[in-house]
Amino acid sequence: MFSRNFCGNAAPPGLRHPGPLYFMSIRPKLLITFLALAILPVVSLGVLGFVAGRDSLESKTIDSLEMVADLKAKKIAAFLGEKRKAVQTLKNSFVVNTYLPVLLDHADDPEHPAFKAATRALDGKLQRLQAIFELDDIVLATPEGRMLYLSNAEHVTDWLSHPLPGHEKTDYDRGETVSYFRNTHENGKYAILITHHILDGEGKVQGLMALEVNIDVIEELVHDKTGLGETGCTVLGKKVPGGFVHLTSHSVGTMADPDRVLPFKPKKLPMQEAVQGRSGSGVTSNFAGTGILAAWRHIPALNLGLVARMDANEAFASVTRLRNLTLFFSLAASLIGGIIALLVSRSISRPLMQLKRGALEIGRGNLGVRVGTPRRDEIGVLSRAFDEMAASLRRVTASRDDLNREIAGRQQVEKQLRESEARYRDIFDHAHDLIQSVAPDGSIQLVNRAWTETLGYDIEELSKLNLMDVIHPDHRESCRSRFQQVLSSHRTEMVETAFRSKDGRKIVLEGSVSVRYVDGEPVATRGIFRDVSERKRAEQNLREERAFLQTVIDGVVDPILVISTDYRILLMNRAAHALLPAPWDGETELLCHQASHHSDTPCSGENHPCPLREVQHSGEPATVVHQHELADGTGRIYELQASPLRDENGTLLGIIEASRDITDRIEVQELLAENRKRLKFLAHHDDLTKLPNRVLFNDRLRQAMAKARRGNSQVALMLLDLDRFKNINDTLGHPVGDQLLREVGKRLSYHVRETDTVARLGGDEFLVIIEDVQDVQRVAGIAHKFKNILAQPITVDEHALAITASIGISMFPADGVDGEGLMKCADVAMYRAKEQGRNNYQFYTPDMNARAHDLLLMEGQLRKAIEQEQLFLHYQPQFDLASGDLTGVEALLRWNHPERGSIPPSDFIPLAEESGLIAPIGEWVLRSACAQSRAWQEQGYPPVRMAVNLSARQLRQPGLVEMIEQSLKETGLAPRLLELEITESAVMDNFNDAIMVLTDLKVRGVHIALDDFGTGHSSLSYLKRFPISRLKIDRSFVGEVTSDPNDAALAASIIALGHAMGLEVIAEGVETEEQKAFFTEKGCDQVQGFLFSRPLEPDAVVRFFAPPASRQTLPAATAARGKAAWTSPS
């Protein structure tokens, strides 16, 4: 049984199993189609948008959490790094290395006076440093971790003598440890403890330093919710036995419970991963099972975990809203689409049913039926076509004659078409251009005669040719691409290509190509071409000539432009192109003033004359100077040479402009002029102070003396030498010293007349010429004024400097009749001022020459004394007051002059200091004393300390420490047996550098003694920074200690002060039994002086190595004679 279609007809035999749509009418089909098209895209886009939005939001949120976690982990690491640097600074400090040994020596007796004194000294330093480094406590401990000192007084009661918290004994073997511990004395708060070894001079661990760090800064950083939303937070956690604990709140609105241990779970929780040393991020859940987005980081320095997290509900809130919105719009689109589909299906199905009924009527033979409809869409067109078809059928069947007449008419039209085709063929064949028609497959359909004659093919050969056989191989790919453009654009395109003739010649063509379409399908391509081979060869020759010309001018290093009379640039070389503000393709219009000056108007005026106008005006070559701005904004000066460019008739076509950069030449010329001016100034002035130099000074001095001769007046010459200026250079640096010299020059110049002269010879020496002197008292007044103005503080780089000067004055003509004589006299007077204690002025007197001569002579003899071994050492013993044992000797320098006999040290030591001979003399004394001490040991005598004096100049000597170490190494003397005696003033002259040198020596084991204590000008704040082991009471206090209560009180104070600081105290110059008894009563440790022994030769000292009972001491009378015969030991 056959199925029926919607017209009631049986289904076609070929369709065995038609689907349900086959039997469905068109109206439900249209309705289903419209609903599918309306709903499916909306639903699909909604689902895709939701998935993509969720993935993007998840990625961005995790990236943000990773950024927060990384930033906070880095800040915590940076915070800890600062505290680690503080440990390094504090553990190497002088105060820690000084007093830690004291604490260790009395570790079992915190009530010991030395322990308490060391604690107070440490408090004075470390409590201030605790505040500076923002610490809760600074702790010093034994190598085993027992705490000996705490800078925080509130912690002492709970922690002193207890072990360090949060550490095991094995932790200290690692050098530095960092622990996160719960602080019992801060209400259970957590804190950080950083511990580090403190090494002694031999590199062994002598103790530990620990810094307690408050973690409020870390907690504030962790609690910062920036970038974490409403439910987000950052959590710190710590691994503990059995699991981990949260050190900060792990959710919004809750408090941290560090006592609650959370066990590890099989599921990898963020904090569980972080405390186990792993970092990561992702969508996961917290310990309570709540979905979260998190980034977790491990902080290795504290072995802590850090988690930045946000609830998944908050993170995906916007995506959830998007899902609901998509669902709403999908339902709305479905409803609207259904209504539209119903309306459209009704508008389509109703006229189709009418067509169906009309077709059935025509099939029954009713040719008069009509289904006309006013619609203007395709169905309306179909209805009208149906009506026309019905009308045509009616006409055909009504009149056969009309059909025959129509056939005859068509035959006539065909004849006319053939005649027209013949005419067009004649035109086609006689055209000079090549015309072709090619099928889509490339076969050649039609060509004209010009085509066959140009390419050399016969008509018969065309059927065997494809268009690609004719196109030259070099152009086939470009032609294929061009033809595709023509097909896609549906319009005529211009083409330039090349064909290959039958004999192999390459023929260059240009023309147009278009496509002929039938029923919308391409059936042929039409091409009209013209042979341009000759023109192309001519253009190629022209390009080669132009390229050759361009190559020639590109070889010129100067910029070259060819400019027309309307300012257009016709040609330029590579050098000119490099100066353009922007690249130029050579085709667009570019004006010369645009290229050189970035201006829209031509050059004009005297400062910028136009070279084109100059040539147009004169008809001759012209040279002008312009300033051009380069592409980078810098300005350069160019010399432009413009030459006329004329045609064969002499008509001016433009100019050829060659430019040369003369900027450097002009700058060199200006620099040379400035240098000449400066050299002229420098030839007569000091470069630093701008005062007259020696050359100009000598000239003005000659003029002043000549004027004085003519006017019967006097001239005063002052030589000012700044006192201790070198100390300023050494301590504050040469820039400060230079500024000080400039200020001194200004002050001196301000307080003299315009007729007087202030000059600088160099270094710290200034010269002043006072002209027209009628009264010497006026010169003294000026010198006194100079003292006052220099005494006023000078502020340089926030340093308030007080400077003094030694002034020597000579008078013309009384002291000299020429400049050289006056200078010598002023120099001698200046040195006399220095001998008088500096900061004064001296007029020259004749007896000064004799003294200067003696000093000069002695300096030369002292140099010979070093070479001829006239210098030798005596040694004065030092004794322990309590036991009477020999504790050491002091090496004292002597000079045995072959003619003058014994010269006192007070006469030649200052001279050696001033001349610089103290350096080789001091090195000789040190080596000799060390060698003698070692020789006594080799003779079997017990070792005693050798004291050697160190001068201020030696203390500033570079390489002093290395020289002392080398002397000890060469002689074999142990560093602990050497004591260097220094004065307070020697240290204070260059305090910071001196402390560094002395500390270095102390670390190497050498003892330091402070000589002449009480006579200097240091304060106790400086004294406690001296790395000394012994104080030496000056003989000026010892001499009248039994008769002057002030001297007695000072001596007793020095002894008490030394013992309070843990120092030994020795009194020098003890000459009477009363003095000995005084120092015994006051607890002085050691003494030396003529009461016990005068300075002796080495062989005479050995008798003091015997026990006190068998030793012979000098009687008082002998001591008195010794005092008269020998100078003081120092």
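**A walk through the predicted model**

Of the 1130 residues in the protein chain, 41% count as buried. The model is predicted. Its chain holds 36 helices and 36 strands. Take the contacts between residues at least 6 apart in sequence: 55% of them join residues at least 24 apart. The chain exposes about 61000 Å². Carbon and sulfur atoms supply 54% of that area.

H33 runs over residues 1045–1060. The buried residues of H33 are Asp-1047, Ala-1048, Ala-1051, Ile-1054, Ile-1055 and Gly-1058. They cover an arc of only 125° around the axis, so they lie on the same side of H33.

At the start, a side-chain oxygen of Asp-1044 reaches to within 2.9 Å of the backbone nitrogen of Asn-1046. After the helix comes Gly-1062, with a positive phi near 75°.

Next, the aromatic rings. The count comes to 11 aromatic pairs. In one of them, Tyr-875 and Trp-936 have ring centres 5.4 Å apart and planes at 70°. Planes over 60 degrees apart count as edge-to-face, so this pair is edge-to-face. Tyr-875 sits in strand E28 (residues 871–880) and Trp-936 in helix H26 (residues 918–938). The pair therefore ties together parts that are 61 residues apart in sequence. Are Tyr-875 and Trp-936 buried or exposed? Both are buried.

Trp-936 also forms an edge-to-face pair with Phe-1105. Here the distance is 5.6 Å centre to centre, with 65° between the planes. Phe-1105 lies in the loop between helix H35 (1098–1101) and helix H36 (1116–1125). This pair links distant parts of the chain, 169 residues apart. Buried means under 20% relative accessible area. Trp-936, at 3%, therefore counts as buried, and so does Phe-1105, at 13%.

These contacts belong to a cluster. Ring pairs link Tyr-875, Trp-936, Tyr-941 and Phe-1105 into it.

Key. Residues numbered from 1 in each chain as written. Predicted model: local features only at pLDDT ≥ 70, side-chain atom pairs only at ≥ 80, totals over all residues. Heavy atoms only, no water. Helix = DSSP H or I, 4+ residues; strand = E, 2+ residues; numbered from the N terminus. Buried < 20%, exposed > 50% of the residue type's maximum accessible area, 1.4 Å probe, protein only. Contact = heavy atoms within 4.5 Å. Areas by Shrake-Rupley, 256 points an atom, 1.4 Å probe, with all protein chains shown as cover. Expected span 1.5 Å × (residues − 1). Arc of directions from axis to C-beta. Polar contact = N/O pair within 3.5 Å; in protein donor to acceptor, adjacent residues only side chain to side chain. Phe/Tyr/Trp six-rings, centres within 6.5 Å; stacked < 30°, edge-to-face > 60°.
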